[in-house]
Amino acid sequence: MSKYQEHITSDYRVLLGKPVIKGTRITVEVILKKLSEGATIKALSEQYNLELDKIYAALEYASARLGDREEFVA
């Protein structure tokens, strides 16, 4: 089991199956969006009351999913 699976889950009954931090409705998508807008990991941790390992798990999840894709559209 990958480390991110301890913190990330996807269930069709929660936000239609979007990957979220377990026990929350905070999506991996939101974390990535906020980081891309310039938020720091520390700020996200404080804003959403998340432990750092959960934010890093979201990054690991995103990396793993992108790594599954073979094509890249430029």
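Is Thr-27 buried or exposed? Thr-27 is buried, with a relative accessible area of 6% (buried means under 20%, exposed over 50% and partly exposed in between, with a 1.4 Å probe and protein chains only). The model is predicted: local features need pLDDT of at least 70 and side-chain atom pairs pLDDT 80 or more, while totals for chains, interfaces and linings use all residues. Residues are numbered from 1 along each chain as its sequence is written, and side-chain values use heavy atoms, without hydrogens and water.

Thr-27 sits in the loop between β2 (20-21) and α1. Beyond its neighbours within four places in sequence, Thr-27 contacts Leu-15, Lys-18, Pro-19 and Val-20 (contact: heavy atoms within 4.5 Å).

The table lists the two helices that meet (DSSP runs of H or I, at least four residues; strands are runs of E, at least two, and both are numbered from the N terminus).

| α1 | 28-36 | Val-30, Ile-31, Lys-34, Leu-35 |
| α2 | 41-48 | Ile-41, Leu-44, Tyr-48 |

The axes of α1 and α2 come within 10 Å and cross at roughly 135°, which makes α1 oblique to α2 (under 35 degrees is roughly parallel, over 145 roughly antiparallel, 65 to 115 roughly perpendicular, the rest oblique).

One aromatic pair is found in the whole structure. The ring centres of Tyr-4 and Tyr-61 lie 5.3 Å apart with planes at 80°, so the pair is edge-to-face (centres within 6.5 Å; planes under 30 degrees apart are stacked, over 60 edge-to-face, the rest tilted). Tyr-4 precedes β1 (8-9) and Tyr-61 belongs to helix α3 (residues 52-68), so the pair ties together parts 57 residues apart in sequence. Both Tyr-4 and Tyr-61 are buried.

Notes
Axes are lines fitted to C-alpha atoms, for helices over the stretch in contact, and angles run from 0 to 180 degrees between N-to-C directions. Rings of Phe, Tyr and Trp (its six-membered ring) pair if their centres lie within 6.5 Å; planes under 30 degrees apart count as stacked, over 60 as edge-to-face and the rest as tilted.
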